[in-house]
Amino acid sequence: MAEEHHYLVGLDLTGRRVVVIGGGTVAQRRLPRLVRAGAAVELISPSTTPAVGAMADAGEFVWHRRRYAEGDLDGAWYALACTDDPAVNAAVCAEAERARVFCVRADAGIEGSAVTPASGEHEGLLVGVLSGGAFRRSAAVRDGLLDALRSGAVPDSVPQGAEQGHALGHPAGVALVGGGPGDPELITVRGRRLLARADVVVADRLAPRELLDELPPQVEVVDAAKIPYGRAASQDVINHTLIEHARAGRFVVRLKGGDPYVFGRGFEELLACVQAGVPVTVVPGITSPFAVPAVAGVPVTHRGVAHEVVVVSGHLPPGHEDSLVDWEALGRLRGTLVLMMGVQRLAEFADALLDAGRPADTPVAVIQDGTMRNQRVLRSTLKAIAADAADAGITPPAITVIGPVVSLTPDTP
């Protein structure tokens, strides 16, 4: 194994000229981070990949549409030789050596004066790994370290009180975290990391339960008990619980199923915290009206089949004085309707759509316990779905998808 002898250093390239020779797939990988670092990038290449060309068209860097020529590195602080021609790359490195410009040679890293580490970012940390040219090894170590940082297995903070304010990466107050549609592996990386740092977790019934089992024993878990049509913790009580714990100096994670802002009252909780002077972090989640049908084999859109998707809460029946849903308008649509919290009143919703003009043979799928091991999928038609769901014993939580996309299968032309 080659001995690593490079000196790992962070370069401030903001506003400084960086020259990239070659517009192929290597440049495509390197350019985004250079642009994000604020470098004044100039690309020299007669052609590029479509992605690189799109970045140039968007004005993210200057593209000189020609081949490399001696003198192209004048005034550069850093250079990358990324062509598929070894002779050109060697010439670029030779010019860089004469001009005392550090240069990466993509096709033969050890022949350049600099090498690009396997790198990644995590909450303000930039992690870089070098391994003497063993690129797969450095990438594997980088990925493992990032996974450990994101899961909390490796701390990225200093002990409380070691520096002023909260520990690095440990947000103050409350985090509204979307836990995803049910499968614990579908929570976002950031959501899982913040959950691992919580002092208090206020969890909905539909939040992924397995995630709670992973919490350390000292973490206080508060059951929000928001069960449809049954025992429910008042939203005011939930808001008070979040604020009270946060004011006591605890980091509170409000763990919700799906996404906090999709029929999850997340914005109500944010407003309550803001009014109380409690800082709030919002972590979006994979939302169940799209994810659950996808896992069940139903795309909510498909070219030539559905050009619109409408997500509707079934909390209130059609005709209720507090309902904001225009069921007549929904009945005139031809695309996809995703109905949440609608199992109990499925017959009423189906009748409203039929009365408004939806064809009786419109395909319908009801997905119970979506993304979970006990997931069930019932397919029927708009006219028959209520009776079929009752016969099948479908119970909440379940999502109903209405529209022609339900009839699609993998062998659909």
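**Helix 9**

I began with helix 9 (residues 288–295), where I found Ser288, Pro289, Ala291, Val292 and Pro293 to be buried; buried here means under 20% relative accessible area, exposed over 50%, and partly exposed in between, with a 1.4 Å probe and protein chains only. Helices (H or I, at least four residues) and strands (E, at least two) are taken as DSSP runs and numbered from the N terminus. I then looked up what the buried residues of helix 9 pack against, and noted strand 13 (309–313), strand 14 (336–340), strand 15 (363–368) and strand 17 (398–402), where contact means heavy atoms within 4.5 Å. Just after helix 9, I recorded a positive phi of about 90° at glycine 297.

**Basis of the values**

I note that the model is predicted, that local features need pLDDT of at least 70 and side-chain atom pairs count only at pLDDT 80 or more, while totals for chains, interfaces and linings use all residues. Residues are numbered from 1 along each chain as its sequence is written, and side-chain values use heavy atoms, with hydrogens and water left out.

**Serine 313**

From strand 13, I picked out serine 313, which counts as buried because its relative accessibility is 17%. I found that the side chain of serine 313 reaches the backbone nitrogen of histidine 315 at 3.2 Å, a polar contact being a pair of N or O atoms within 3.5 Å; within protein, one atom must be able to donate a hydrogen and the other to accept it, and residues adjacent in sequence count only if both atoms are side-chain atoms. With neighbours within four places in sequence left aside, I listed Phe263, Leu339, Met340 and Met341 as the residues in contact with serine 313.

**Salt bridges**

I looked up glutamate 121 and arginine 33, which form a salt bridge with their closest N and O atoms 2.9 Å apart. This pair links distant parts of the chain, with glutamate 121 in strand 6 (residues 118–122) and arginine 33 in helix 1 (residues 25–36), 88 residues apart. Glutamate 121 is partly exposed, at a relative accessible area of 31%, and arginine 33 is also partly exposed, at 35%.

I next looked at aspartate 204 and arginine 254, whose side chains meet in a salt bridge at 2.7 Å, N to O. Here too the pair links distant parts of the chain, 50 residues apart: aspartate 204 is in the loop between strand 9 (200–203) and helix 6 (209–213), and arginine 254 is in strand 11 (residues 252–256). I noted that both aspartate 204 and arginine 254 are buried, and that Asp204, Arg254, Lys256 and Glu269 are linked in a network of salt bridges.

**Aspartate 72**

I placed aspartate 72 in the loop between strand 3 (62–64) and strand 4 (78–81). Leaving aside neighbours within four places in sequence, I recorded contacts of aspartate 72 with Arg17, Val19, Ile44, Arg66, Arg67 and Glu95.

**Cysteines**

I searched the whole structure for disulfides and found zero, a disulfide being a pair of cysteine sulfur atoms within 2.5 Å. I noted cysteine 82 as buried at 9% relative accessibility, and cysteine 273 as buried at 1%.

**Exposed positions**

I looked up glutamine 218 in the loop between helix 6 and strand 10 (220–223), and recorded it as exposed, with a relative accessible area of 63%. Glutamine 218 and valine 200 are 18 residues apart in sequence and 9.0 Å apart in space, C-alpha to C-alpha.

I found valine 9 in the segment before strand 1 (17–21), exposed at a relative accessible area of 52%.

Methods: A salt bridge is a side-chain nitrogen of Lys or Arg within 4 Å of a carboxyl oxygen of Asp or Glu.
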